[in-house]
Amino acid sequence: MNWPAWLPLRADLAPLSPYGAPQVASTAALNTNENPYPPSAALQKAIADAVLLVAADLNRYPDRDATLLRQKLSAYINELSSMEFSEENIWAANGSNEIIQSIFLAFGDGPVLGFTPSYSMHPLIAKVTGSKWIDGQRNSDFSLNVEKAVAQIQQHKPALTFITTPNNPTGGAVTIEEIKVLADAVAKVGGLLVVDEAYAEFSCEISAATLIPNYPHVIVIRTMSKAFAFAGARVGYLICDPAVKDAMMLVRLPYHLSALTQAAACVALDFKDELLGFVSTLRQSRQVLEDCLHEMGLATIPSSANFILFTGFSADAPKLWSELLSKGVLVRDVGLAGYLRVTIGNEAENKLFITALKELI
Ligand SMILES: Cc1ncc(COP(=O)(O)O)c(C=O)c1O
């Protein structure tokens with residue numbers, strides 16, 4: 001980008017580009033790993049009622065610590081992973097991107113290691129917050145090579161080591177045993193292991209949150225944007241040792257999470273069984289979509305998430321991306337030559353995607 005000379009922009013920001021998944025009109029929006037199932041009429045009404053109650057007090061600042069929401073989030077995680085967390089183990093913010101930013105602000109004083117390709121915002125937020133990002137390497141099939149990852153941790157001694165499981169954009173997950181090996185290596189260099197579990201509910205692996213009582217330097221990022229179908233409300237959270245939560249409070253902005261957001265998220269958590277009911281539907285659709293892609297002669301990376309990275313088409317990825325868009329299907333070109341990523345949609349969206357793809361390859 002050509003910045004005007006008069007703009008005193010920080011020199012290290014000048015070469016960067018903003019995050020920008022295209023927000024363009026389409027019949028099937030399968031590009032940002034959203035959940036295709038909107039809130040039920042009952043949930044919409046419950047949210048509206050809760051917001052109406054809160055609206056009466058909007059002259060006042062919200063609960064700065066979002067205590068009720070954090071209590072509900074800890075109860076949710078306890079039920080899911082058989083743990084005994086309290087609100088002292090949870091921090092909540094406007095989407096997990098804000099959680100990631102707070103992690104960098106609090107702990108990014110030293111090199112930060114991640115294993116690419118992975119979630120593009122990890123390196124971007126590192127750069128924006130002034131941390132030195134190191135691109136660690138994966139196997140050529142995009143799986144995480146734990147042995148090599150340990151060697152890279154020993155070499156760079158990062159303040160923060162990021163892993164994403166299931167990984168975005170590839171979809172693969174790592175096991176709890178592998179995470180333990182990484183956690184041991186990270187402990188030896190005095191850093192934190194950040195496990196981004198944005199897609200955890202779509203995976204069968206045990207959550208890294210179960211390690212926290214014995215590994216306080218393991219911190220786990222979660223979001224309500226994906227399995228919870230709540231991306232528009234912007235709620236992400238961190239599961240961590242209470243000392244990590246206390247450090248998050250140093251870097252958060254005062255009253256960062258609005259009363260409206262807190263109220264809506266509390267209601268959504270009360271409807272968790274309904275919302276998570278769609279997770280199994282999406283997992284089944286993922287299998288159907290994978291089978292269809294294979295029948296077309298395409299290859300996929302095995303996915304534990306709500307998206308599939310596929311390859312094996314002859315056109316280059318940007319060309320196929322725009323041809324699909326011209327047929328109303330918006331997928332994601334994640335910048336990996338020869339690959340595109342498709343989010344699992346509802347039945348009609350998946351059908352449109354497969355029909356369009358069949359006509360194009
Ligand atoms: C791995 C990963 N982490 C975090 C996020 C951010 O999610 P949000 O800010 O909506 O919670 C995403 C979004 O796609 C993601 O893929």
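User: What makes T311 part of the story of strand 12?
Analyst: In strand 12, T311 has Y339 as its bridge partner. Strands here are DSSP runs of E with at least two residues, and helices are runs of H or I with at least four, numbered from the N terminus. This is a predicted model: local features need pLDDT of at least 70, side-chain atom pairs count only at pLDDT 80 or more, and totals for chains, interfaces and linings use all residues. Residues are numbered from 1 along each chain as its sequence is written.

User: How do you know that strand 10 and strand 12 pair?
Analyst: Pairing takes at least two DSSP bridges. Strand 10 (residues 307–311) and strand 12 are joined by 5 and run antiparallel, so they count as paired.

User: Why is strand 12 called largely enclosed?
Analyst: A residue is buried with 20 or more other C-beta atoms within 10 Å of its own, exposed with 12 or fewer, and partly exposed in between, with C-beta atoms placed from the backbone. In strand 12 (residues 339–343), 5 of the 5 residues are buried, so the rest of the structure largely encloses it.

User: Which residues cover each face of strand 12?
Analyst: Y339, R341 and T343 sit on one side, L340 and V342 on the other, all buried. Side chains alternate between the two faces of the sheet in a regular strand.

User: What makes the chain agree with a compact globule?
Analyst: The rule is 2.2 Å times the number of residues to the power 0.38, with the radius of gyration taken over C-alpha atoms. For 361 residues that gives near 21 Å, and the chain has 21 Å, so the two agree. Buried residues make up 42% of the chain.
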